[in-house]
Amino acid sequence: MNRRERVLCALNHKEPDRIPLDLGAGCSCKFTKYFYVKLLDYFGIKDEELEMCHIPYQLVYASDQVLDLLGCDVRAARLKPIKQGESYYAKKWEDENSYFYRNDWGTLYRMPKLQGLYYDLAGCALGDAEDEEDDKKFVWPTPDKYDKAGRKELESYREAGFANTISEQFGNGFLQTGPLIWSFENWLAMLVSEPERCTPFMDKLLEKKMEFYDNIFDVYGGLIDVTSEADDFGTQRGTFVSPKLIREMLLPYHKKLNDYIKSKGDVKITLHSCGSVTAALPDIIEAGFDILNPVQISAADMGPELLKSRFGKDIVFWGGGINTQSTLPNGTPEQVREETKRNMDIFGKDGGFVFSTVHNVQDDIPIENFIAMWETFQANCKY
Amino acid sequence: MSKIQEISKAIEFGKKKIMKGLVEEALAEGCKPIDILNQGMIEAMSVVGEKFKANEIYVPEMLVAARAMKEGVELLKPHLAGDKSAVLGKFIVGTVEGDLHDIGKNLVAMMIESAGYVVIDLGVDVSTEKFIEAIKANPDCNLVGLSALLTTTMPSIKKSVAAIIEAGLKNQVKIIVGGAPITQEFADLIGADAFAADAASAAAIAKAFVA
């Protein structure tokens, strides 16, 4: 079987020849800039120019050469967006201490110059909005269209037998786009105390997301195997908002969007959600998600045995290979090997598992730990 | 239901808009401001904190309750002037250098303020030097909190705690640490006095320190 067949087999809850691998390509399975440099050094690759993929998280596109060395079964499309008009909000600048950039949504990001590894949220378009009148001042960005020239890349990956993924989406999720416009505290408070301000926003967001997928499938239709919508429903301790709110207010939008995406093409849909989401997982499955990523096994009630036994037949786990909050950054290589093998044994049974780290590989991962994980995968991935 | 109980319910359910009316009515009825604060407000936030800890309510409900509490306390302040019996101490808190995440830290600040501390929130990306400066500038500060969300900024917590100890300030302050990747083990390793997994636990620890 080729790599794509291997991935699709696992996504259909059957055991392929071996557990599929995603290191460096799919949603939240990528490398930060500083880690990638260590990986290039490990492989003795000297002249590769870094290609940035995501500015806030400082993620890179790993080259095909590196992905092949790792044995990655998945490829991520480098979509070629064509902007529709001037952005009302976008701007970049710096001062003595920080770099700033404001994106099309009016969300301001800042990265400290000293010890800065990431851009983080620093301001929002409607941070001071008091009421619906103020909310109406928000200038919506327009979904990009895409250059048909980008099809060639996905065609060549398809021909070479890779599974094609896209991680891009319009805005963030139905829970998590609001915070980028109003600030976390304002949006979260609005959800419970002024939901009438939230609903019109989410209605419009759904409409624009559908337009985004129209544009994506117009150009890349037939070449995409996996899509992804990020919407962080979880924290370290439990869900961010009540499971009831997730079920009644947020997932109906996701369901409509998922149904729409599936009407456009035969794809599997990922929910990227950090944190502890177990309490909401039955509803997440009901809303039409096929895959959960990154599978934060160190969060409450997210242990591999619990997840696989309760939900393994109904959702694919894409991630969850190794704990990136403690073992991978701070453990010994031996601890990394033990945990990697254990998680593979649990998640890999009966398919429904694509191996990756829990979320992107960051700067604080020692290269010897990453290699210990990777070697353990290679030694134990065959069914 | 007494007026104080109504205030308590208004806080528990985040009814910020009716707080002004309720506080004015309570004062007009002759309720002592300190009783309104302790029984109507601090107690209510304590209940909110316990519900949050038990996953009966979530971040949005905590936030609206804290906003209602803040509104109530602001309304009471002129009537409480000079009454220091509610003050347990001063809490300096911040998210450490290199980290800009603050939802958890803000919840901790709200809960510890509700528990009776005066709070100085240094914000995010707070350097070691800034923590030290703030502690020295506030000799009545008896508790310091350090927060981080990222594994990559945990070293900043370690560095700041070490610097506070080296500056001889551990006689003055207790140190509490928290954030998603933080564990009791990490707190013990770096010499912090306590680790809190959530805002309610942080408030309970803060109260216990001065009991």
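At what angle do the axes of helix 7 of chain A and helix 4 of chain B cross, and within what distance do they come? In this predicted model, in which local features need pLDDT of at least 70, side-chain atom pairs count only at pLDDT 80 or more, and totals for chains, interfaces and linings use all residues, the two axes come within 8 Å and cross at roughly 95 degrees. Residues are numbered from 1 along each chain as its sequence is written, while chains are lettered from A and ligands numbered from 1 in the order in which they are written. Axes are lines fitted to C-alpha atoms, for helices over the stretch in contact, with angles running from 0 to 180 degrees between N-to-C directions; helices (H or I, at least four residues) and strands (E, at least two) are DSSP runs numbered from the N terminus.

On the side of chain A, Glu185(A), Leu188(A), Ala189(A), Leu191(A), Val192(A) and Ser193(A) of helix 7 meet Val59(B), Pro60(B), Glu61(B), Leu63(B), Val64(B) and Arg67(B) of helix 4 of chain B, a contact being counted if the C-beta atoms of two residues, placed from the backbone, lie within 7 Å. The residues of this helix pair divide into 8 nonpolar, 1 polar and 3 charged; Ala, Val, Leu, Ile, Met, Phe, Trp, Tyr, Cys and Pro count as nonpolar, Asp, Glu, Lys and Arg as charged, and the others, Gly among them, as polar.

Within chain B, helix 2 (residues 19–28) has Met19(B), Leu22(B), Val23(B) and Ala26(B) buried, a residue being buried if 20 or more other C-beta atoms, placed from the backbone, lie within 10 Å of its own, exposed if 12 or fewer, and partly exposed in between. These four residues cover an arc of only 95 degrees around the axis, which puts them on the same side of helix 2 of chain B, the arc being that of the directions from the helix axis to the C-beta atoms. The buried residues are covered by elements including helix 1 (3–12), helix 3 (33–53) and helix 4 of chain B, whereas the face turned away from the buried side carries the exposed residues Gly21(B), Glu24(B) and Ala28(B). Helix 2 of chain B is followed by Gly30(B), whose phi is positive, near 95 degrees.

Strand 1 (residues 89–95) of chain B is largely enclosed by the rest of the structure, because 5 of its 7 residues are buried. This strand runs parallel to strand 2 (residues 117–121) of chain B, to which 5 bridges join it, and Gly89(B) stands opposite Tyr117(B); strands are taken to pair if DSSP finds at least two bridges between them. In the loop between strand 2 and helix 6 (128–137) of chain B lies Asp125(B), a residue other than glycine with a positive phi near 55 degrees, and Asp125(B) is buried, with 26 other C-beta atoms within 10 Å.

In chain A, an open sheet of 4 strands has the order 6-7-8-9 with antiparallel pairing. Strand 6 (91–94) and strand 9 (120–123) of chain A stand at the edges, each with a single partner strand, so one side of each is left without a neighbour in the sheet. Neighbouring strands of this sheet are turned by 30 degrees against each other on average, direction ignored. Strand 8 (residues 108–112) and strand 9 of chain A pair over 3 bridges, and Arg110(A) stands opposite Asp120(A) of strand 9.

Further local features of chain A occur in loops. The peptide bond from Asn293(A) to Pro294(A) is cis, with omega near 0 degrees. Gln58(A), in the loop between strand 2 (52–54) and strand 3 (59–60) of chain A, has a positive phi of about 55 degrees although it is not a glycine.
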